[in-house]
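The sequence and structure come first.

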Amino acid sequence: MKQTKILSFLLLGLLAGCAALSLQPANFAWPIESVLPVDETGMVSDDRYSFSFDTKSLFFEEFNDSSAYKAKEIRILRDVNGFYFITANKFKNVYVFKMNHGAMVLDNKIFISEFGVENPALNQREPYVELIDGDKSLYITNTGIDRNKK
């Protein structure tokens with residue numbers, strides 16, 4: 001009986017030591033969007049947040065044109081949960097990415113307009129990301145448009 005209790009305490013101690021360290025609460029949001037020009041190789045970079053990535057696949061996904069990135073700029077904002085929201089002028093969608101081992105992986109593609117957005121802007125409206133397109137505002141999360149938010 002005594003050995004069982006000692007063994008139980010040892011196992012409990014070992015299992016407690018294996019628990020992942022969690023720092024909570026954490027807020028990953030950027031206060032304002034970054035408007036980034038796409039260079040001649042399809043790359044964007046932001047010195048403020050120290051990141052860069054290739055946009056060619058994103059523009060090909062949106063326009064089915066391998067050179068659609070030329071002379072363009074993207075708008076990107078990171079929400080409180082760490083998702084990256086990306087759109088650009090004439091895009092029909094907002095793309096939601098998450099980080100995974102040195103890559104941005106598509107989490108969701110949110111359809112916005114058949115005609116594409118004109119001069120879009122992204123704002124942090126916790127817990128939402130607000131997409132402004134002209135005089136229209138949409139409130140989105142990584143799962144889609146919140147139709148109840150006015």
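## Secondary structure

Helices (H or I, at least four residues) and strands (E, at least two) are DSSP runs, numbered from the N terminus. The protein chain has 2 helices and 11 strands. Read from the N terminus, the order is α-β-β-β-α-β-β-β-β-β-β-β-β.

The model is predicted: local features need pLDDT of at least 70, side-chain atom pairs count only at pLDDT 80 or more, and totals for chains, interfaces and linings use all residues. Residues are numbered from 1 along each chain as its sequence is written, and side-chain values use heavy atoms, with hydrogens and water left out.

## Surface and contacts

The chain has 150 residues, and 37% of them count as buried, meaning under 20% relative accessible area; exposed means over 50% and partly exposed lies in between (1.4 Å probe, protein chains only). Its accessible surface is about 9,800 Å², with 55% belonging to carbon and sulfur atoms (Shrake-Rupley method, 1.4 Å probe; for residues, only the protein chains shown count as cover).

Among contacts (heavy atoms within 4.5 Å) with a separation of 6 or more, 44% join residues 24 or more positions apart.

## Salt bridges

A salt bridge is a side-chain nitrogen of Lys or Arg within 4 Å of a carboxyl oxygen of Asp or Glu. The count is 7. One of them pairs R125 with E130, the closest N and O atoms being 3.0 Å apart. R125 is partly exposed at 41% relative accessibility, whereas E130 is buried at 6%.

Another pairs K56 with D54 at 3.7 Å, N to O. K56 is partly exposed at 33%, and D54 is partly exposed at 39%.
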